[in-house]
Amino acid sequence: MKKNQLFLMMVLAILFSCKEVNNVEAPAETTSSKTHSHTLSYTPVYYNTRDTIRFTRPDDTYWLSNFRSDFGNDMDRDGNPTITDPEKERMRTYGNSFRTTMLPNALSGAGGQTSSAKLGASSSKTLTFDVRFGDTYTGFEWVKGGKLFGLAGGRAYAGGECTNAGDGWSARVMWHRYSSANNGKAYLSPYVYYAGAPCASGSSVAYGHEFNAKYFGHDGTGLKINTWYRIKIEVVVNTGNTTADGKLKVSVQDKLSSGWTTPVTFINKNDLLYATVSAGRTVNLLYTGIFRGGNDSTYESINTTHIYIDNVAWSN
């Protein structure tokens with residue numbers, strides 16, 4: 001009897017210890033899969049340079065695994081994942097390009113997507129990508145404008161944040177159309193947050209600078225729907241914390257039936273103070289978000305429309 005009791009106690013002890021292990025591990029794994037799956041399910045890559053990404057996949061959802069494979073990771077400036085579940089549903093490969101769907105009556109990530117990827121840090125980078133506004137099926141609503149790809153560093157300021165701390169910057173491209181200005185023509189502009197343009201005293205909000213630089217297409221008549229544009233952004237951060245010698249150059253080509261037009265540079269600055277602390281004097285983030293905004297209803301569309309991206313590449 002004693003032997004049987006001893007055997008039973010040993011079996012129960014083994015079962016109990018297994019149950020304890022499962023109870024400890026399972027909740028942690030479940031919690032991780034809900035909140036930190038991005039950091040556990042893949043190994044991030046931080047590309048210094050990247051050969052051309054062409055999105056040559058079958059028409060389908062642009063899965064998170066596709067984004068990570070193409071861009072190395074899906075991280076924001078703090079290393080957190082950037083793509084929400086609703087945003088995933090608005091990202092597709094379509095016609096061998098990367099398509100973002102933008103919803104009506106919605107701005108920023110609520111209507112498009114606000115993804116980004118951390119890069120290998122360097123003092124300069126050149127980013128190129130092709131963009132097409134709309135297609136022959138759904139057209140495109142320019143409304144007041146929205147954001148496209150760009151480069152950033154340090155705190156990668158955006159969204160009305162003040163750059164007074166001097167530890168970050170961003171340089172993206174926007175599209176615009178104002179019905180009451182420029183004869184209603186749509187155009188591209190730079191959109192730059194930098195330490196040399198801090199928030200005014202007593203203010204906690206500031207927006208990117210466009211330097212009155214505009215690109216209205218190769219013939220000056222305005223951007224066209226369903227036309228490819230090749231954008232090249234060149235950034236060199238300032239060489240010292242107080243030296244305003246940072247560079248920004250943006251050029252564009254239009255794709256015509258005869259081929260690509262000659263590049264046109266519509267901004268070429270060499271006097272920018274991107275950052276005033278060493279931690280901010282770097283290029284280490286790629287903004288890949290595409291969305292409408294602006295911060296008011298004049299940027300909202302009535303219908304669902306699309307923006308297409310192709311041939312993305314960057315180098316030091």
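**Ground rules**

Strands, as I use the word, are DSSP runs of E with at least two residues, and helices are runs of H or I with at least four, both numbered from the N terminus. I'm working from a predicted model, where local features need pLDDT of at least 70, side-chain atom pairs count only at pLDDT 80 or more, and totals for chains, interfaces and linings use all residues. Residues are numbered from 1 along each chain as its sequence is written, and side-chain values use heavy atoms, with hydrogens and water left out.

**Entry: the largest pocket**

I looked up pockets on a 1 Å grid over the protein atoms alone: a pocket is an open set of points with protein on both sides within 12 Å along at least five of seven lines, while a cavity is a set where a 1.4 Å probe fits but cannot get out. Lining residues have an atom within 4 Å of a point. Points are joined across faces, edges and corners, and volume is the space filled by probe spheres set on them.

The largest pocket comes out at about 580 Å³. It has 31 lining residues, and those closest to its centre are Lys147, Ala158, Gly159, Arg172 and Phe291. Which strand gives the largest share of the lining? I found strand 8, with 3 residues. Strand 7 (145–154), strand 8 (168–176), strand 9 (187–193) and strand 14 (283–287) each put in at least two.

For classes, I count Ala, Val, Leu, Ile, Met, Phe, Trp, Tyr, Cys and Pro as nonpolar, Asp, Glu, Lys and Arg as charged, and the others, Gly among them, as polar. The pocket lining splits into 12 nonpolar, 13 polar and 6 charged residues.

**Entry: the chain overall**

I count 5 helices and 16 strands. Of the 316 residues, 47% are buried (under 20% relative accessible area; exposed is over 50% and partly exposed in between, with a 1.4 Å probe and protein chains only). The chain exposes about 15000 Å², 52% of it from carbon and sulfur atoms; the areas are Shrake-Rupley values. Taking contacts (heavy atoms within 4.5 Å) between residues at least 6 apart in sequence, I see that 73% join residues at least 24 apart.

**Entry: cores and helix 3**

A nonpolar core here is a set of buried Ala, Val, Leu, Ile, Met, Phe, Trp, Tyr and Cys residues joined through side-chain atoms within 4.5 Å. The largest has 52 residues, and Phe71, Phe133, Leu148 and Leu188 touch the most other members. A separate second core of 9 residues includes Ala156, Ala158, Tyr193 and Leu285.

Beyond four places in sequence, its contacts include Val45, Tyr62, Ala117, Phe149, Leu286 and Trp314. Phe71 is also one of the buried residues of helix 3, along with Leu64, Asn66, Phe67, Arg68 and Asp70. Why do I call helix 3 (residues 64–71) largely enclosed by the rest of the structure? Because 6 of its 8 residues are buried. Glycine 72 follows helix 3, with a positive phi near 100 degrees.

Most residues other than glycine have a negative phi, and most peptide bonds are trans.

- Valine 143 has a positive phi near 35 degrees. It sits in the loop between strand 6 (124–133) and strand 7 and is partly exposed at 21% relative accessibility.
- Phenylalanine 211 has a positive phi of about 55 degrees. Its loop runs between strand 9 and strand 10 (228–236), and the residue is partly exposed at 28%.
- The peptide bond from glycine 293 to glycine 294 is cis, with omega near -25 degrees. Glycine 294 is in the loop between strand 15 (291–292) and strand 16 (305–315).

**Entry: two residues compared**

Is glycine 112 buried or exposed? I have it as buried, at 0% relative accessible area, in the loop between helix 5 (108–111) and strand 5 (116–122). Not counting residues up to four places away, glycine 112 touches Glu87, Arg90, Thr100, Thr101, Met102, Ile290 and Phe291. Its C-alpha is 9.2 Å from that of histidine 306, 194 residues apart along the chain.

Leucine 256, in strand 11 (residues 246–256), is partly exposed at 31%.

Methods
Accessible areas come from the Shrake-Rupley method with a 1.4 Å probe; for residues, only the protein chains shown count as cover.
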